[in-house]
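Subject: Structure handover

Hello,

Here is the structure I promised to pass on. Please open it first, then read my notes below with the model on screen.

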Amino acid sequence: MNQILLPVVLPLLAAFLMQPLAQVSRLAARALGPLVLVLSALITARIWLGFGEAPFTVAIGGFAPPLGIVFYADHLALLFALTVPLFTLLFWPGLGDQDSDPGHCARRDALVLLLVAAATGLALSGDLFNIYIFYELAAVASFGLASLTGTPRALVATLRYLLISAFGSVLSLVGISFLYMATGTLNLAQLAQLAPQTLQGPLGLASFALMLIGFGVKAELFPLNTWVPDVYATAPARVAALLAGLVSKLAVLVVVRLLVLVFQQPEASQLLLSLGVLGVLTGELAAWRARDFARMIAFSSIGQLGIVFIAFSIDGDTGLLAGIAVALHHLIVKSALFGLAARWNGSLEALTGAARRSPLAAGLFVLFALSLIGVPPLPGFWAKILVLVGLAQGGSTLQLFALVSVLLVTAVEASYLFRVAVRLYGQSDSPPAPPARWDLGAATLLGAALIGVTLATAPVADHLRNVARQAGNAALYVDTVFPKTVAQKD
Amino acid sequence: MIHFTLETVVYAGAIGLVAIGALGLVLCNHLFRMLLALGIAESGANLLLILTGFRPDATAPIIGYGPAGASMVDPLPQVLVLTAIVIGVGVQAMAVSMLVRVYRAYGTLEMSELRRRMELDISAAAGIRAPSSAQSPAGERPLPPVPAYRPASARVQPRES
């Protein structure tokens with residue numbers, strides 16, 4: 001079971017070996033990244049397939065918690081730990097790349113591997129400061145990746161992202177200090193044990209709000225998402241796919257763990273709900289006004305993550321199930337859309353007639369658009385209906401307002417997505433270039449996965465229900481990290 | 001009435017530093033000043049974290065440093081702050097290197113001007129018209145032609161002498 005550490009350690013090691021290896025052999029340096037990712041994916045897949053029902057922990061270095069750092073692996077953590085190397089392989093920035101400068105390639109590959117190591121660590125870690133460190137590692141790697149093209153606009157966009165992200169991490173450090181002041185520990189399981197006594201007052205809520213601001217920058221939480229459209233428009237499309245699809249979900253996962261284990265008070269859920277509603281409304285309305293493809297899907301990403309936050313603010317297992325469903329659906333669809341945006345990166349008018357040059361890409365866009373809007377029987381419909389049912393069952397004023405917002409926003413989404421779809425099938429003398437082979441291949445694979453999930457909705461839903469039930473069980477988390485000895489059991 | 005011990009004053013100082021940094025980040029227009037404000041805020045946050053481990057009349061957490069049996073301050077926040085300082089330094093170094101490249105490319109470090117130029121560049125790269133901004137409220141639409149200005153002395157007919 002210690003092998004679960006390898007998907008974090010191997011990419012870190014490979015990232016630092018990349019530069020020296022590039023001096024020795026260019027081919028080896030180009031192959032090292034995908035090789036390490038395939039190895040991580042195989043290790044995680046083996047652990048996932050052999051996973052029973054009980055989550056397990058690994059104490060790093062043999063130091064038992066709460067003094068030592070512990071890695072906690074349950075269904076949810078393993079699911080995300082598996083998607084990280086798979087999606088990075090699909091959107092590997094070096095695929096089909098004609099860039100001949102080996103130093104640049106080595107730096108880019110090292111940054112992606114650092115991002116992968118940090119993302120896997122975020123999914124698995126059970127200690128709050130360890131999570132903070134992995135989050136900062138992911139942030140620094142994404143700064144480097146976002147400014148990869150080196151154009152001045154990319155640098156300015158990355159600088160804005162850096163300032164917002166660094167300010168957020170200052171605030172989350174202040175939140176962590178409040179937490180430490182109140183409880184004296186930073187181990188998530190011990191925090192879960194101590195939370196009912198120590199974190200119920202204003203200090204607990206303030207600490208949650210500060211950490212939400214800190215971890216919400218990557219999760220595109222309102223109002224910390226002003227960096228999103230510029231960075232996704234100026235970064236290379238595959239990097240935008242990784243950031244928007246993968247890294248944002250892991251930031252959401254961190255917030256969910258905090259919400260489930262440590263901050264169970266209703267004010268915390270209400271804060272998340274209000275920020276989610278604001279994010280949904282602003283994101284989707286801005287997407288409706290956008291005039292180029294990359295920023296349209298960037299704003300749409302803000303809106304969808306707002307729906308994810310609304311879902312996670314619903315109490316109990318229904319909220320967790322809805323949130324996980326929307327998050328996974330967004331991971332698949334948004335990454336594929338950013339992949340298609342690599343060549344379709346002009347204005348929306350320039351997309352006219354694209355279906356003539358590339359009918360497969362246009363068909364995939366229509367499929368993803370239908371799923372985003374929530375047309376049955378596609379998975380997007382099931383995810384959204386889970387959110388709406390959960391909100392309706394809640395019934396408070398804020399939740400009903402959120403329900404109305406989500407429905408309104410669905411209409412807005414339909415408007416701007418169908419606008420683009422109609423344009424794709426229009427007539428034009430100069431249609432845009434078709435997407436590159438690798439991007440189209442990745443999008444086709446994800447489209448096939450979407451159709452596969454549509455055909456197998458019931459088993460997938462059962463598995464996700466299992467995942468949500470296990471993730472929401474705070475008592476199970478505490479019992480796994482601090483197993484009761486036989487003498488303590490009654 | 002708040003008991004004004006040294007500890008309270010230092011707590012207030014740490015939170016004050018974070019507040020100063022936050023204000024500076026939000027209010028400053030010059031990119032380098034924003035970075036400095038960020039550095040101040042990081043110092044404040046690190047100070048606050050160390051303060052959580054403070055115990056009155058305790059020595060440094062080094063074995064053999066103080067008298068035997070003396071209480072020590074909590075070493076865990078100090079370890080955390082070491083990491084946080086290093087992360088802060090790394091991020092600031094990256095920011096400064098990007099700042100230098102931005103200055104070479106755009107010639108200015110004023111954030112409002114940089115955002116306007118970035119917006120123009122993104123729109124130009126996408127082939128769309130730039131959105132309206134404070135400097136050009138009508139967007140980049142062409143203004144109506146203005147008739148040529150002829151000074152008053154040229155317009156008056158010279159007297160027949």
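Start with Ser371(A). Ser371(A) is buried, because its relative accessible area is 0%. Keep in mind that this is a predicted model. Ser371(A) sits in helix H15 of chain A, which covers residues 359–373. What does Ser371(A) touch, once residues up to four places away in sequence are not counted? The list is His329(A), Leu378(A), Pro379(A), Gly380(A), Phe381(A) and Leu450(A).

Next, a pair of helices. Two packed helices are described by the angle between their axes and the distance between the axes. Take helix H12 (residues 293–312) and helix H17 (residues 397–424), both of chain A. They pack at an angle of about 160°. Their axes are 12 Å apart. Angles over 145 degrees count as roughly antiparallel, so that is the label for H12(A) and H17(A). The crossing of H12(A) past H17(A) is left-handed.

Which residues make the contact? From H12(A) come Phe293(A), Met296(A), Ser300(A), Gln304(A), Ile307(A) and Ile310(A). From H17(A) come Ala402(A), Val406(A), Glu413(A), Tyr416(A), Leu417(A) and Val420(A). By type, the contact of H12(A) with H17(A) has nine nonpolar residues, two polar and one charged.

Lys384(A) is 23 residues away from Leu407(A) along the chain. The C-alpha atoms of the two are separated by 9.5 Å.

Now the core. In soluble globular proteins, nonpolar side chains tend to be buried together. The largest nonpolar core here holds 226 residues. Tyr232(A), Phe293(A) and Phe365(A) touch the most other members. Helix H10 of chain A (residues 237–262) gives the most to this core: 20 residues.

Last, chain B. It has five helices and zero strands. Along the sequence, the pattern of chain B reads α-α-α-α-α. Chain B has 161 residues, and buried ones make up 30% of them. Consider contacts in chain B between residues at least 6 apart in sequence. Of these, 43% join residues at least 24 apart.

Best wishes

Methods: Residues are numbered from 1 along each chain as its sequence is written. Chains are lettered from A and ligands numbered from 1 in the order in which they are written. This is a predicted model: local features need pLDDT of at least 70, side-chain atom pairs count only at pLDDT 80 or more; totals for chains, interfaces and linings use all residues. Side-chain values use heavy atoms; hydrogens and water are left out. Axes are lines fitted to C-alpha atoms, for helices over the stretch in contact, and angles run from 0 to 180 degrees between N-to-C directions. Helices (H or I, at least four residues) and strands (E, at least two) are DSSP runs, numbered from the N terminus. Angles under 35 degrees count as roughly parallel, over 145 as roughly antiparallel, 65 to 115 as roughly perpendicular and the rest as oblique. A crossing is left-handed if the near helix is turned anticlockwise from the far one by less than a right angle, and right-handed if clockwise. Contact means heavy atoms within 4.5 Å. Ala, Val, Leu, Ile, Met, Phe, Trp, Tyr, Cys and Pro count as nonpolar, Asp, Glu, Lys and Arg as charged, and the others, Gly among them, as polar. A nonpolar core is a set of buried Ala, Val, Leu, Ile, Met, Phe, Trp, Tyr and Cys residues joined through side-chain atoms within 4.5 Å. Buried means under 20% relative accessible area, exposed over 50%, partly exposed in between (1.4 Å probe, protein chains only).
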